[in-house]
Amino acid sequence: MEKIGIMGGTFNPIHLAHLILAESAREQAGLSHVIFLPSKRTLEKADSYILSDEARCKLIELAIRDNPHFSLSKMEIVRGGTTYTADTVSELKRKNPDREYYFIIGGDSLLNFAYWNRPEVILKNARLLATSRGTIPKEKILAAAEYLEKCFDTEIVLFDTPKMEISSTDLRARCASGRSLRYLVPEAVEKFLRERGCYRNKSAFSCSAEMECEYEQQN
């Protein structure tokens with residue numbers, strides 16, 4: 001059975017720690033592919049510092065274009081209404097019953113997983129693949145994994161990653177102040193953010209599809 005990883009998140013913006021997490025999970029769990037699934041920007045967050053759906057998807061495309069094992073899915077972007085991980089993994093499994101899905105999460109997310117929307121549905125359709133590294137002590141990660149395994153009669157797969165503390169909040173602040181993002185995000189992502197003036201003013205957060213097409217033609 002083909003093993004596919006799912007990497008969900010806001011990706012606001014995507015950075016090297018996201019990519020290293022995905023590649024580490026792919027390699028250590030023997031995944032054939034990892035799907036990047038950006039979440040939809042809701043109406044409640046339309047005025048917050050979250051780039052448009054189009055802009056974030058473009059950034060992901062730029063970040064993963066050199067890795068044949070990575071791909072972008074817009075299924076949560078195009079789905080109407082509120083989007084939940086439980087709905088996403090259920091739809092993926094329904095469309096591809098011959099695939100085994102692994103939902104990739106960080107250790108901090110593992111600690112809160114029991115409080116997600118319908119965690120039992122997620123675990124029915126995908127296995128959790130969680131990193132044991134990061135700012136959370138490994139003992140707490142192991143305890144959380146053991147707790148979830150007992151509560152949901154499942155098996156949590158843990159994997160190791162290089163310790164990288166890259167914060168999207170910090171990256172947005174760097175963009176706003178014009179500071180360098182070199183070695184924190186892929187070069188193409190930095191170029192896009194800099195040329196579009198992202199996170200510097202409100203207009204940068206509503207990049208239209210036409211603007212993205214224009215950028216593609218110029219580059």
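This is a predicted model: local features need pLDDT of at least 70, side-chain atom pairs count only at pLDDT 80 or more; totals for chains, interfaces and linings use all residues.
Visitor: Which residue in β4 stands opposite E2?

Guide: Strands β1 and β4 run parallel and are joined by six bridges. Across from E2, the residue in β4 is R99.

Visitor: Now the rings. How is the aromatic pair of F11 and F36 classed?

Guide: A ring pair is described by the distance of the centres and the angle of the planes. For F11 and F36 the centres are 5.8 Å apart and the planes make an angle of 50°. Planes under 30 degrees apart would count as stacked and over 60 as edge-to-face, so this pair is tilted.

Visitor: How many residues apart in sequence are the parts that F11 and F36 tie together?

Guide: F11 sits in the loop between β1 and α1, while F36 belongs to strand β2 (residues 33-38). Both residues are buried. Because they lie in these two places, the pair ties together parts whose separation in sequence is 25 residues.

Visitor: Which residue do ring pairs link with F11 and F36 into a cluster?

Guide: The structure holds four aromatic pairs. Ring pairs join F11 and F36 in a cluster with F70.

Visitor: And W116, which pairs with F113: is W116 buried, partly exposed or exposed?

Guide: The ring centres of F113 and W116 are 5.1 Å apart with planes at 50°, so that pair is tilted. F113 has a relative accessible area of 0% and is buried.

Visitor: Let's finish with the largest pocket. Which residues lie nearest its centre?

Guide: This pocket holds about 1500 Å³ of space. Elements giving two or more residues to its lining are β1 (2-9), α1 (16-29), α4 (85-95), β4 (99-105) and α5 (107-112). Of the 49 lining residues, those nearest the centre are G8, G9, T10, H18 and S109.

Visitor: How many residues of that lining are charged?

Guide: By class, the lining of the largest pocket has 20 nonpolar and 20 polar residues. The charged residues there number nine.

Definitions and conventions:
Residues are numbered from 1 along each chain as its sequence is written. Side-chain values use heavy atoms; hydrogens and water are left out. On a 1 Å grid over the protein atoms alone, a cavity is a set of points where a 1.4 Å probe fits but cannot get out, and a pocket is an open set with protein on both sides within 12 Å along at least five of seven lines; lining residues have an atom within 4 Å of a point. Grid points are joined across faces, edges and corners, and a volume is the space filled by probe spheres set on the points. Helices (H or I, at least four residues) and strands (E, at least two) are DSSP runs, numbered from the N terminus. Ala, Val, Leu, Ile, Met, Phe, Trp, Tyr, Cys and Pro count as nonpolar, Asp, Glu, Lys and Arg as charged, and the others, Gly among them, as polar. Rings of Phe, Tyr and Trp (its six-membered ring) pair if their centres lie within 6.5 Å; planes under 30 degrees apart count as stacked, over 60 as edge-to-face and the rest as tilted. Buried means under 20% relative accessible area, exposed over 50%, partly exposed in between (1.4 Å probe, protein chains only). Two strands pair if DSSP finds at least two bridges between them.
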